[in-house]
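Please look over the sequence and the model shown here, and then work through the briefing below, which is arranged by topic.

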Amino acid sequence: MDAKSMRVPLGRLPPAPRRLGLALGLGLALLEPAAAEERRAASACRDIQTIFLPRNKPPKDPLGLLARRGFSLEDYFIGQSIGKGCSGAVYEAAAPAEPPGDGGRGPKRKEGAGGASEAQGAAEAEGWKEGFPLAIKMMWNISAGSTSEGILTTMSQELVPASGRALSGEFGAVARPRGGLCGKKWLKPHPNVIQVIRAFTSQVPLLPGATVDYPDVLPSSLSPSGIGHSRTLFLVMKNYPCTLRQFLSEGRPDPCVGALMILQLLEGVDHLVRQGVAHRDLKSDNILVEFDPAGCPGLVITDFGCCLADQRLGLKLPFPSWYVDRGGNTCLMAPEVATAVPGPGVVIDYSKADVWAVGALAYEILGPGNPFYGQGGPALDSRSYREEELPPLPAPAAPEVKELVGRLLRRNPAKRPSARVAANVLHLSLWGEAAVGRPGLPLPQLVAWLLRQSAAALMTERLGGGRGVVSGLKRGFLAGLDYEELCEAAALLCCWRGAACPAPQ
Ligand SMILES: Nc1ncnc2c1ncn2[C@@H]1O[C@H](COP(=O)(O)OP(=O)(O)O)[C@@H](O)[C@H]1O
Ligand SMILES: [Mg+2]
C-alpha cells in the first residue's frame, strides 16, 4: 500500500487490541507502512508540542501586583459590589501602584466610599493603580469558626485555583503547603480558568451595601441580625467585565464566536480533568468574560466552591449515603451523577460530568436557551431525559458544532467524548481547512496542516499578534497535541462528514 494514501485511522480506541485484530485480519505486511506513517505523525505531534509548551506558559503575575504585597486587606482600595452568590460577595478593588520611595508602607484602605467613580478618583489621587483591575471575594463565614486554620480548612475548595504564592501571607515563606491544602489539589494556571492571585484571612469589614445585601451573614458586631463569624477568607482575582450570563443577556454571539466560546469552556474543563479536578457547578454565573483587543470574548471558569479536587480520590467519589455532597447546580448535573443511588461500594465517576454541563451551556451560547432550565421549551430533567428530546440548535450553528453538542449530552458517559477530544473536534472544525477531517484524509496531509499551523503561530507571536483569544487557543492546542486524541477527533469529523462511522466500541 502506498504510504501517501494512508488514511486517518477511524475507530481509534482502544488502539492496541484493535490494531492487533486488524493485523491478524489483513496481514502484518499490509499494515507495516501504515504503522510507520502513524509513528511519523505521532512523532511530529510530540515535536510540535515540545516547541509550544514553553511558549504557552501564562505570565507569572499578570496584574503586576508587587511580589511582597497584597497579603492583607489593608493593602487594597475597595470599591463597589460587583457580584454576589451563595457563598460570598465580590467587590472591585485596586492595589497600590509602584510606590515611589514608599518604603512598603502603602496607603490605607478606604471603606464604604461613595460611588465607584468617587472611590476611583480618590484612589487615583492617592497614586493607586488606575481603575479597579482587581476583584476581591469576601466569603461568608457561618460555620468555619474564627481561626485561620478552621477557615482555610472549611473553604479549601475555593483555593484550588490559587497561584503558587497566593497564600504566602498565611504560610510565610512557604509558598504552598507541601502536598496541597487539606488534601486538596492545586491547579496549574490556564487561560480559561480563574487564577486566585492572593488569598488571606482577615476581620470582616463593613463594605458598601453590606447591611442591605447580606446583613444576616455579617458578624453580630456589624449587624444585629448577623450570625457570621468575625473573621473570614478573602480571595483576590482579576476583575472581569461581566459573567457569561450577563454577556448573553445582551444577545447571542454569532455562530463562529459561539463555537470559540464553547471551545474555551472545553479547554478549561480539559485542564481540570487532566489534573483530576471536577468543577461540579458550571453555569453561566460561574463563567467570567473579558475581551481581547479585537473584541473577541475570552472565557474563564470561576467559583470552585463546589469542586471535587481530592488528592486521594481523584475524580471518583465514593457514594455510600445521601450525606455525600454531589456538587452544586442540580439542573446541570450530568445524568450519571444525578441518577446515582448511594450504597456500599458505589462510586461516582466525574471524569465526563463537567463536559456534559458544557453541552448544556452550549445551548445558552448558541440559542435557544438551556433545555435543562426550560428555556425555549419544557424543561428537561437530566435524570430522565431522552436524547431525542433535546431541542434542535438554531440553523446558523455549524452542523459539526451541533453534532458535537449532541454528543456532549449523551446520557452514557462512555459514549460522550472527553473534553480533550471535543476541543480537538472544534479546533479541526474551526481552522482545520476544508481537507482535514474529510473522508479518507491522508495522514501526511494532517501533519502538513499541523506544520502550517505551527509556522503561523510562531510568526504571529514574532509579529507581536499573539495576545488575542484565537492566537491563545491555537497555541494551547499545539502545546497539548496528542496524536491519539487528535485522530479520535478527526475520526469523529470524518464520520459526520459522510465517511463510514467507526464501528461502535
Ligand atoms: N473576578 C471577578 N470579576 C468580576 N466579577 C466577579 C468575579 N468573581 C465573581 N464575580 C461576580 O460575583 C458573582 C459571585 O461570585 P462567585 O465566585 O460565583 O461566588 P459564589 O460562590 O457566592 O457563587 C459572580 O457570579 C460574578 O457576578
Ligand atoms: Mg457562583
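In this predicted model, an open sheet of three strands runs in the order β6-β7-β8, with antiparallel pairing. Because β6 (242–243) and β8 (297–301) stand at the edges with a single partner strand each, one side of each is left without a neighbour in the sheet. Strands here are DSSP runs of E with at least two residues, helices are runs of H or I with at least four, both numbered from the N terminus, and two strands pair if DSSP finds at least two bridges between them.

**Conventions**
- Residues are numbered from 1 along each chain as its sequence is written, while chains are lettered from A and ligands numbered from 1 in the order in which they are written.
- As the model is predicted, local features need pLDDT of at least 70 and side-chain atom pairs count only at pLDDT 80 or more, whereas totals for chains, interfaces and linings use all residues.

**Within the sheet**
- β6 pairs with strand β7 (residues 287–291) in the antiparallel sense over two bridges.
- Thr243 has Leu288 in β7 as its bridge partner.

**The chain as a whole**
- The protein chain contains 15 helices and 10 strands.
- Of its 505 residues, 43% are buried, where buried means that 20 or more other C-beta atoms, placed from the backbone, lie within 10 Å of the residue's own, exposed means 12 or fewer, and partly exposed lies in between.

**Helix α14 and Ile51**
- Eight of the 11 residues of helix α14 (residues 469–479) are buried, so this helix is largely enclosed by the rest of the structure.
- The buried residues of α14 include Val469, Phe477 and Leu478.
- Ile51, which lies in helix α2 (residues 28–52), is partly exposed, with 13 other C-beta atoms within 10 Å.
- Although Ile51 and Leu478 are 427 residues apart in sequence, they are 8.6 Å apart in space, C-alpha to C-alpha.

**Around ligand 1**
- Ligand 1 is surrounded by 21 residues, and the closest are Gly83, Gly85, Val90, Ala135 and Asp303; a residue is near a molecule if its C-beta atom, placed from the backbone, lies within 6 Å of it.
- At least two residues of this shell come from each of β1 (77–84), β2 (88–94), β3 (134–139) and β5 (231–238), and β1 supplies the largest share, three residues.
- The shell divides into seven nonpolar, nine polar and five charged residues, with Asp, Glu, Lys and Arg counted as charged, Ala, Val, Leu, Ile, Met, Phe, Trp, Tyr, Cys and Pro as nonpolar, and the others, Gly among them, as polar.
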